[in-house]
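Visitor: Can we go through this model, ligand site included? I'll ask as I go.

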Amino acid sequence: MAEEKKFYITTPIYYPSDKLHIGHTYCTVAADAMARYKRMQGYDVMFLTGTDEHGQKIEDKAKDAGITPQQFVDNIVAGPKGILDLWKLMNISNDRFIRTTDDYHVAAVQKIFKKMYDKGDIYKGKYVGKYCKPCESFWTESQLVDGKCPDCGRECQDAEEEAYFFRLSKYAKPVQDLLENTDFLEPRSRVNEMVNNFIKPGLEDLCVSRTSFTWGVPVDFDPGHVVYVWVDALFNYTTALGLLNDKYSDYDKFWPADVHFVGKEIVRFHSIIWPAMLMSMEMPLPKKVYGHGWLLLDGGKMSKSKGNVVDPYILAEKFGTDALRFFLLRTFPFGSDGNFSNESLISTINVDLANDLGNLVSRTTAMVGKYFDGKLPADRQSDALDTELLQQAASLREKYEGHMERYAFQDALAEVFKVIARANKYIDETAPWALARDMEANGARLATVMYNLLETTRICGVLLTPFMPESMDKLFDQIGACAACRTWDSAAVWGSLSATAAPTKGENLFPRVDVEQALTELEAAAEAARKAALPPIEVEPFVEERVDFDTFCKSDFRVVKVKNCVPVKKSAKLLCFTLDDGTGEDRQILSGIAQYYKPEELIGKTLAAIVNLPPRKMMGKDSCGMLLSAVHTEHGEEKLHLVMLNDAIPAGAKLC
Ligand code: MSP
């Protein structure tokens, strides 16, 4: 019997603790391209993503925000510009979305936990060790690196509590076999890391419950314990299909998963803990875990705490969703890390999309409009010049498929763009404008050249559809491709496009980006977003130490009037004030406030100064006192306001 064509793909479920950045988008876009590709091939696809909503981190953040954990996660998942909105923006075609706070999932996790307990694979003990809150990970002393979390490098807390443990040690051998002797984990380079760093040093049993917080799935047979968030999270891949719940009923159809896409730092959970727990549950193992690399910024991992995250909203709004999706998968090899930069994003858009693909479409459709009034005649005349282009286009799907099956998106796209480059070269070689000078003699040849260009564009368009679905629909409309010649099957059949196709030159599919202008705008937008994320107002901490009244009274504060104010030469900061302090003698004070005030706007103002400080020389001038000002920080920017008094108060009046 022919194998049923079905395909189950998942992304990790995301923590709704912070806003998602372009790094999170990377994995979801890759999974989406894969899901669309498989659907195009005729597979019955289940594409799952979701959110991982329990754990101490969420509980703490909700407390800081003064709301319940459920309100906190609801807002980040389903609120404006939340995770659901982001996937809509990125045109993600997931078939299902799981939230680990969904009732059916919670109840199923309780049953799963009980099953492993009844089997003896979960037992009660006492946990003494370290816990990294941001990663929700337990560590032993020996696993810490320089005393810090080996994953994120942050401080860990001491943790000691009564807890349940999963007998991970029992499964060390079968998990090692799985990793070493099958293709379960890819890329292969990640296998050595897992085996050498985690399995060979000895797999310890895993702490799988907590009692120090409550925001989690309760262990129903032992109140006070909540299930460790990773156990809760990993089983999402099966509860979302209906395992131990009535909400869905696709478990038998789709489990085991064909592939879990996960970032490299969570490969440990997916390739060691996950198969061990499935073995304990006597469930089939997923066919593959693919550990992709990270998008880096300036060589480091993006993270909100480092303030170096890239906002997908800004990029998608500016360049379009398809261009951004394409860039992510065209530029970085999926299995390795890649350095994100605005420059490489813009360059990919300009070179591949605007120049190579966009020009091919607009030149070809414009030429058919100009030379044939928009409709190709059926006459044909081939030439040896056609052979290479035709061969490359006809064999493209097979090469592309080979790469896609290995999740080598970058290689698959490189093949498509080789053919697009070949088609542009073919325009130069065949010089249609020269042929058009004598339509009577060259009409059939010119029609053949045009057809070959349109047909090559069509095949490339089909194969680019999983990456840029909306733009490819527009491309097909422009080249006059019917529904049947937009399909996977048609991509392997040269000549699917109607011989008398009627293309229309439409809007520019990928407008060229002005590099300088776009970079300036992106920097401004990133700066504005960075500032908006900072606390709106911050003031200096209050001084704890007391000052006695007599000491305070020794400070002589007086009202002064500004007679003159000029910038100090060669100083960017200092202004020199000539002040009336009521004594009849001018007083000179220098103040480092040139970035906040223009000197002329201060003349005539009534200010406050302390006048019995010892004189100080600044830039060769005496400063006899100090003007009082109020300072605070607003969205990370220092602000200063001179203390200005009512002009009715005479110079020299004492402030007390
Ligand atoms: N909740 C867990 C996953 C549980 S799966 C059962 C988690 N969530 S996460 O929100 O922190 O990360 C989700 C995914 O985003 C991970 O695969 C992670 O590797 C990925 N990325 C986060 N930053 C990234 C980059 N800068 N680049 C690429 N992917 C990165 O982990």
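**Ligand site and other spaces**

Guide: Around the ligand, strand 1 (6–14), helix 1 (22–40), helix 8 (229–234), helix 9 (236–239) and strand 11 (259–263) each give at least two residues to the shell. Helices (H or I, at least four residues) and strands (E, at least two) are DSSP runs, numbered from the N terminus. The model is predicted: local features need pLDDT of at least 70, side-chain atom pairs count only at pLDDT 80 or more, and totals for chains, interfaces and linings use all residues. Residues are numbered from 1 along each chain as its sequence is written, and side-chain values use heavy atoms, with hydrogens and water left out.

Visitor: Which residues come nearest to the ligand?

Guide: Ile13, Asp52, Gly263, Glu265 and Leu295, out of 23 residues around the ligand. A residue is near a molecule if one of its heavy atoms lies within 4 Å of it.

Visitor: What is the shell made of, by class?

Guide: The shell has 12 nonpolar, eight polar and three charged residues. Ala, Val, Leu, Ile, Met, Phe, Trp, Tyr, Cys and Pro count as nonpolar, Asp, Glu, Lys and Arg as charged, and the others, Gly among them, as polar.

Visitor: How much of the ligand's area does the protein cover?

Guide: The protein covers 96% of the 660 Å² of accessible area that the ligand has on its own. These areas come from the Shrake-Rupley method with a 1.4 Å probe; for residues, only the protein chains shown count as cover.

Visitor: And which pocket is the ligand in?

Guide: The ligand takes up the space of the largest pocket; sitting in a pocket or cavity requires more than half of a molecule's atoms within 2 Å of its grid points. On a 1 Å grid over the protein atoms alone, a cavity is a set of points where a 1.4 Å probe fits but cannot get out, and a pocket is an open set with protein on both sides within 12 Å along at least five of seven lines; lining residues have an atom within 4 Å of a point.

Visitor: What's the pocket volume, and what lines it?

Guide: The volume of the largest pocket is about 1300 Å³. Grid points are joined across faces, edges and corners, and a volume is the space filled by probe spheres set on the points. The lining has 43 residues, with Tyr15, His24, Lys57, Glu265 and Lys301 nearest the pocket centre. Helix 1 gives the most to this lining, with four residues.

Visitor: Switching topic: how many cavities of 30 Å³ or more turn up?

Guide: One, in a search of the whole structure. The largest cavity has a volume of about 40 Å³, and helix 14 (residues 342–372) gives the most to its lining, with three residues.

Visitor: Where are the cis peptide bonds?

Guide: One joins Glu186 and Pro187, with omega about -10°. Another runs from Trp255 to Pro256, with omega near 5°.
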